Amino acid sequence: MGSNRSHLVLLGPPGAGKGTQAGLLRKELGIPHISTGDILRDEVQRGSELGIKAKQLMDRGQLVPDDVMVGIVRERIAAPDCKEGFILDGFPRSLPQAVGLEKLDGDLPPLVAVSLDVPLDEVVHRLGQRRTCRGCKTMYHLTLNPPETEGVCDRCGGDLYQREDDKKDVIQARLKVYQRETEPLLGFYRERGALVEVDGTGSAAEVFRRVLAGLEARA
Ligand code: AMP
């Protein structure tokens, strides 16, 4: 892409590959990848007041309140490393969050929302097979992208675990919340001419090529 100054939002159901594509975009563009899920999981691990409250909602697949999330993102994108842009993964997740983000935009280039389109039956399968590194947060898929040694992260040697909310019952709750709260954002960004829709099926490398092509076509 001509300029590295980018302001990207990744949309798609849980398990669509937002984290993986955001990581690849981070390397390509040299701007931070901000995962609100990772920020919350760090709070949970630290046992902060926010973490204790958030955990109860996260374990049930429910959303943390909009004002809390907008506050977290406001603080994070004010950091110096976000001056040239950033990639948001997992935020916004509701219309009030999208409106809140518009108000935080400052002098950044216009936002582009990349939607990863993956059928819901496939995301259910992907989430059930997903394992996450406790250390560097890299994600694996037990059959499509397994670690070299079972239970051990290839990247940092950390311990791989199944997130509480990647268990069967919670997956269904998360998908319902996605359809009700987050899917309407596709229309929100489409109306603003800011939506790039990408087929999110296939390998991470294939999807990444489509993401870059979609972004190039807009540049
Ligand atoms: P994720 O890692 O993006 O799948 O997020 C895991 C969980 O964290 C979600 O199911 C929510 O409970 C919470 N969460 C993450 N991002 C947000 C957000 N933008 N708004 C509300 N809750 C969020």
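**Cysteines**

I began with Cys133, and its sulfur lies 3.5 Å from the closest cysteine sulfur, in Cys156, which is too far for a bond. I took a disulfide to be a pair of cysteine sulfur atoms within 2.5 Å. By this rule I count zero disulfides. For Cys156, too, I noted that it is in no disulfide. My cut-offs: buried is under 20% relative accessible area, exposed is over 50%, and partly exposed is in between, with a 1.4 Å probe and protein chains only.

**Ground rules**

I am working on a predicted model, where local features need pLDDT of at least 70, side-chain atom pairs count only at pLDDT 80 or more, and totals for chains, interfaces and linings use all residues. Residues are numbered from 1 along each chain as its sequence is written, and side-chain values use heavy atoms, with hydrogens and water left out.

**Second largest pocket**

I read a volume of about 360 Å³ for the second largest pocket. Of its 15 lining residues, Arg41, Val44, Tyr161, Arg163 and Glu164 are the closest to the centre. A pocket here is an open set of points on a 1 Å grid over the protein atoms alone, where a 1.4 Å probe fits, with protein on both sides within 12 Å along at least five of seven lines; lining residues have an atom within 4 Å of a point. The volume is the space filled by probe spheres set on the points, which are joined across faces, edges and corners.

Which element gives the largest share of the lining? Helix 2 does, with three residues. By class I noted four nonpolar, three polar and eight charged residues in the lining. Asp, Glu, Lys and Arg count as charged, Ala, Val, Leu, Ile, Met, Phe, Trp, Tyr, Cys and Pro as nonpolar, and the others, Gly among them, as polar.

**Helix 2 and Met58**

Helices are DSSP runs (H or I, at least four residues), as are strands (E, at least two), numbered from the N terminus. The buried residues of helix 2 are Thr36, Gly37, Asp38, Leu40, Arg41 and Glu43. I see them pack against strand 2 (33-35), helix 3, helix 4, strand 3 and strand 7 (160-161). After helix 2 comes Gly47, with a positive phi near 75°.

Met58 sits in helix 3 and counts as buried at 13% relative accessibility. Leaving out residues up to four places away in sequence, I found Met58 touching Gly37, Leu40, Arg41, Val44, Asp165 and Val170, where contact means heavy atoms within 4.5 Å.

**Nonpolar cores**

I looked up the largest nonpolar core next: 28 residues, with Leu11, Leu88 and Tyr189 having the most contacts inside it. Such a core is a set of buried Ala, Val, Leu, Ile, Met, Phe, Trp, Tyr and Cys residues joined through side-chain atoms within 4.5 Å. Helix 4 gives the most to this core, five residues. Tyr189 touches residues including Leu11, Pro92, Ala98 and Leu195, not counting those up to four places away in sequence. I also noted a second, separate core of 23 residues, which includes Leu29, Val114, Val118 and Ile171.
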